[in-house]
Amino acid sequence: MKRFTALILSISLLSCFLMTSCEDRNDNRRERAREEEEEEEDDEDDIITTSRNSAPPEPQHDLTNVDVEYEFDDFYADYSGTPWVLENNIPFTHGNVNTYFNQFLIDGYGNSYSEVPTNVINNVATIYRPQVRHYPAQEPGYVIYEISYVEVFPMSTVLPDGVSYSSMWSYHNVGYLDYYTGVKYPLINMSTEIDSFCVSGDVIFNGQTYSVSYYEFREDEETLNETTTDSEGRTIWNNTVCIHTTSYLVVPEGYDGIVMYVYVVDDSGRSFEDVIGENTAEYSEPALFGAPGSDERVEDYVFLSIAELG
């Protein structure tokens, strides 16, 4: 199963505005960034402050406030004794990862859209090396792995004559799997309707029951929105958007088996109808990566060991 998610942006050739919902999210994100920056400056000014006196780390987001929640059935983990990663010769990367995305110009309102023929100039995005923190959870015996990363989408497309158009684009978000068993963490596919989720449940291993939770939050930031004219007289819309994603995995203390996987095959030629059809916030249950009957191949992905990053 390949994971897709989509986000709608809007541009007007008259005023170059974004949808109010995007503006609100960006304003909130910038306000929080300013508050965090002020807090960092206060910390630098307080020379007496030491790690002993600092408040314990806590999540950057409110984990009690997500768009969608799902509780999965008890999952029985079966471990053969040899880590799945070693059995399958999984190579790890430690740097940035390039991925591909689909972009379409669209016309319409509400939930009714039609594609506007155009020429998409760029289809490559970059996921920058994740930042990882881990700290005690509220529940004794558990820790939180906080994984933050930015994916940058430098979109560039030809604008046909008209008053205003919207842009729909879809991309492969990341997933997580277990280093030892190769089982993928359950998740909810993002859509244009949700920007956060929580999936939780019990995992039974060697007769012991462990509660596991996975939260994810997505925020968008526009860093460029302009139109230019090329040598052929065409109007080019250049629009760069950064997706800030933060994942929280609440796992038993001492567990170090979180692996991030990223789909890196160029399938940016997918049709508008296919992308629209997958714009649903569907639950994906835990399953063995590359299990018989699936369309997953190790060579189509890049893997990052979260334990090695933080």
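Analyst: A pocket is an open set of grid points with protein on both sides, and its lining residues are those with an atom within 4 Å of a point. The model examined here is predicted.

The second largest pocket holds about 520 Å³ of space. Its lining is made up of 20 residues, and those nearest the centre are Ala77, Asp178, Tyr185, Val203 and Tyr255. Sorted by class, the lining residues comprise 16 nonpolar, 1 polar and 3 charged. Three strands, β12 (196-205), β13 (208-229) and β14 (235-252), each contribute at least two residues to this lining.

Turning to the salt bridges, the whole structure contains 8 of them. Side chains of opposite charge can pair when their charged atoms come close. Glu146 is buried, at 2% relative accessible area, whereas Arg133 is partly exposed, at 34%.

Another salt bridge joins Arg270 and Glu278, with an N to O distance of 2.7 Å. Here Arg270 counts as buried because its relative accessibility is 15%, which falls under the 20% limit; Glu278 is partly exposed, at 35%. The side chains of Glu299 and Arg297 also meet, at 3.5 Å from N to O. Glu299 is exposed at 56%, and Arg297 is partly exposed at 45%. Finally, Asp230, Glu232 and Arg234 are linked in a network of salt bridges.

Key
Residues are numbered from 1 along each chain as its sequence is written. This is a predicted model: local features need pLDDT of at least 70, side-chain atom pairs count only at pLDDT 80 or more; totals for chains, interfaces and linings use all residues. Side-chain values use heavy atoms; hydrogens and water are left out. On a 1 Å grid over the protein atoms alone, a cavity is a set of points where a 1.4 Å probe fits but cannot get out, and a pocket is an open set with protein on both sides within 12 Å along at least five of seven lines; lining residues have an atom within 4 Å of a point. Grid points are joined across faces, edges and corners, and a volume is the space filled by probe spheres set on the points. Helices (H or I, at least four residues) and strands (E, at least two) are DSSP runs, numbered from the N terminus. Ala, Val, Leu, Ile, Met, Phe, Trp, Tyr, Cys and Pro count as nonpolar, Asp, Glu, Lys and Arg as charged, and the others, Gly among them, as polar. A salt bridge is a side-chain nitrogen of Lys or Arg within 4 Å of a carboxyl oxygen of Asp or Glu. Buried means under 20% relative accessible area, exposed over 50%, partly exposed in between (1.4 Å probe, protein chains only).
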